[in-house]
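Reader: I would like to go through this chain element by element. Please start from its overall contacts and then turn to the details.

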Amino acid sequence: MTLTIPRADLARTLTAVTKVTESRNTIAILGNVLLSATAGTLTVTGTDLDIEYSASTACEGELSTTVDAKRLSDIARRLVGDTVTLELRDGSLAVKSGRSRFTLPTLPVADFPRLDGGVFDAEFKVDLAALVAPVRFAMSSEQTRYYLCGVYLHEADGKLRAVATDGHRLAHNSVAHPEPTAPGVIIPSKTVGLIPHGVIDVGISKNKVRLATADTIIVSKLIDGTFPDYGRVIPAANDNVVTVSRDELSKSIARVSAVANERGKAAKFGIAGDNIAIDMRSDDGSAHEDVPASYSCEPIEIGFNSAYMTDVLAAVPGGEITIALADGQTPAIFRGTGDVLALCMPMRA
């Protein structure tokens, strides 16, 4: 069995699929990709048993085998020829391009595990990457709270909403969605990072999600857990609202953070009149900066982790944003243009 394919197409397809495969595995086949070529299309599939990623591209010829994912991807990227020929010979894969020749060991196709998508309770089209982009920064990485290590997708107020929180920050974004969706599901953080851009076909079942484009199909297990009732931590009486340039505030925080260290990232924000005074102190020094703003309520002093504030501001779209406050101990709510809402927990500064 032999196939011929443009080198750039092979390299691009392998680069996408190898985001799923792990090079170090106790199960050798999980380090391989499945190559299946027929009827002028090569489909490359990789899996880590939780996610299956398949990408297709045009080719000539037929082939069916599995080969080391990272090795073949590295070879494809380094080749200088315009086309690559892959030929299965006596249990090995011969790779030819220009003056280069490689021989790689293979493993049986029958040993390659497949992740059956099953039946999906809801199927719809949506730009999922754009929906989750403003909230993914708030996903947790603490495996002890595994149910926070992803994005919660559910229906709220007649819209499709994506939510993420790590207990220190929270963000949600919504999009109009007339089609019915399944009950709330938690998409794992690794899968969130693989979501294709643009409008895609989404299928949701009780324990899996399917993301599909014209040349890509991703099937992923969902997180088996209960996402917390995030609405309970969003204050309902933050009536003190300050309006400020998002970019100016973000740049000011970046400048005063020059004195921050691992033990001290707390910044104090003094909001009064038409000014936000930012102060930061650490063992490495102190910094102060004033940021023009619009505010007509009682003065408030509140502390935030400067790194968390930077992430929140980057997620909220718009030139001018609003920050809604109650006092120095209540979480602050950040809003810009669109449906994005972000929340940051205060800290002692």
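**Contacts, strands and helices**

Author: In this predicted model, contacts between residues at least 6 apart in sequence include 65% that join residues at least 24 apart.

Reader: Is threonine 57 buried or exposed?

Author: Threonine 57 is part of strand β4. Leaving out residues up to four places away in sequence, it touches Ile5, Asp9, Arg12, Thr13, Gly40, Thr41 and Leu42. Its relative accessibility is 9%, so threonine 57 counts as buried.

Reader: Why is strand β4 described as largely enclosed by the rest of the structure?

Author: Strand β4 covers residues 51–58. It pairs with strand β3 in the antiparallel sense over 7 bridges, and with strand β17 (residues 216–221), again antiparallel, over 5 bridges. β4 is largely enclosed because the number of its 8 residues that are buried is 6.

Reader: Which residue in the hairpin of β3 and β4 takes a positive phi?

Author: Strand β3 holds residues 41–47, and threonine 47 has glutamate 52 of β4 as its bridge partner. The hairpin has 3 residues between the strands. The residue with a positive phi, near 80°, is leucine 49.

Reader: At what angle do the axes of α1 and α2 cross?

Author: Helix α1 takes in residues 7–17 and helix α2 residues 69–78. Arg7, Leu10, Ala11, Leu14 and Thr15 of α1 meet Leu72, Ser73, Ala76 and Arg77 of α2; these residues divide into 5 nonpolar, 2 polar and 2 charged. The crossing is left-handed. The axes come within 9 Å, and the crossing angle is roughly 145°.

Reader: Which strands lie at the edges of the open sheet of 12 strands?

Author: The strand order is β14-β11-β12-β13-β25-β24-β23-β18-β21-β20-β19-β22, and the pairing is antiparallel. Each edge strand pairs on one side only, and these are β14 (185–188) and β22 (300–305).

Reader: By how much are neighbouring strands of this sheet turned against each other on average?

Author: One of the pairs is β12 (residues 159–165) with β13 (residues 169–176), antiparallel and joined by 7 bridges. In that pair lysine 159 stands opposite alanine 176 of β13. Averaged over neighbouring strands of the sheet, with direction ignored, the turn is 25°.

Reader: What angle does the direction of helix α6 make with that of β22?

Author: Helix α5 (residues 246–256) lies across β18, β19, β20, β21 and β23, and runs at about 170° to β21. Helix α6 (residues 306–315) packs on the sheet and touches several strands, including β13, β24 and β25. The angle between the directions of α6 and β22 is about 90°.

Reader: How far apart are the end C-alpha atoms of residues 232–347?

Author: An unreviewed UniProt entry lists this span as "domain: DNA polymerase III beta sliding clamp C-terminal". In the model the span is 18% helix and 44% strand. Its end C-alpha atoms are separated by 19 Å.

Definitions and conventions. Residues are numbered from 1 along each chain as its sequence is written. This is a predicted model: local features need pLDDT of at least 70, side-chain atom pairs count only at pLDDT 80 or more; totals for chains, interfaces and linings use all residues. Side-chain values use heavy atoms; hydrogens and water are left out. Axes are lines fitted to C-alpha atoms, for helices over the stretch in contact, and angles run from 0 to 180 degrees between N-to-C directions. Helices (H or I, at least four residues) and strands (E, at least two) are DSSP runs, numbered from the N terminus. A crossing is left-handed if the near helix is turned anticlockwise from the far one by less than a right angle, and right-handed if clockwise. Contact means heavy atoms within 4.5 Å. Ala, Val, Leu, Ile, Met, Phe, Trp, Tyr, Cys and Pro count as nonpolar, Asp, Glu, Lys and Arg as charged, and the others, Gly among them, as polar. Buried means under 20% relative accessible area, exposed over 50%, partly exposed in between (1.4 Å probe, protein chains only). Two strands pair if DSSP finds at least two bridges between them. UniProt positions are given in the numbering used here, feature names are shortened, and annotations may be inferred rather than shown by experiment.
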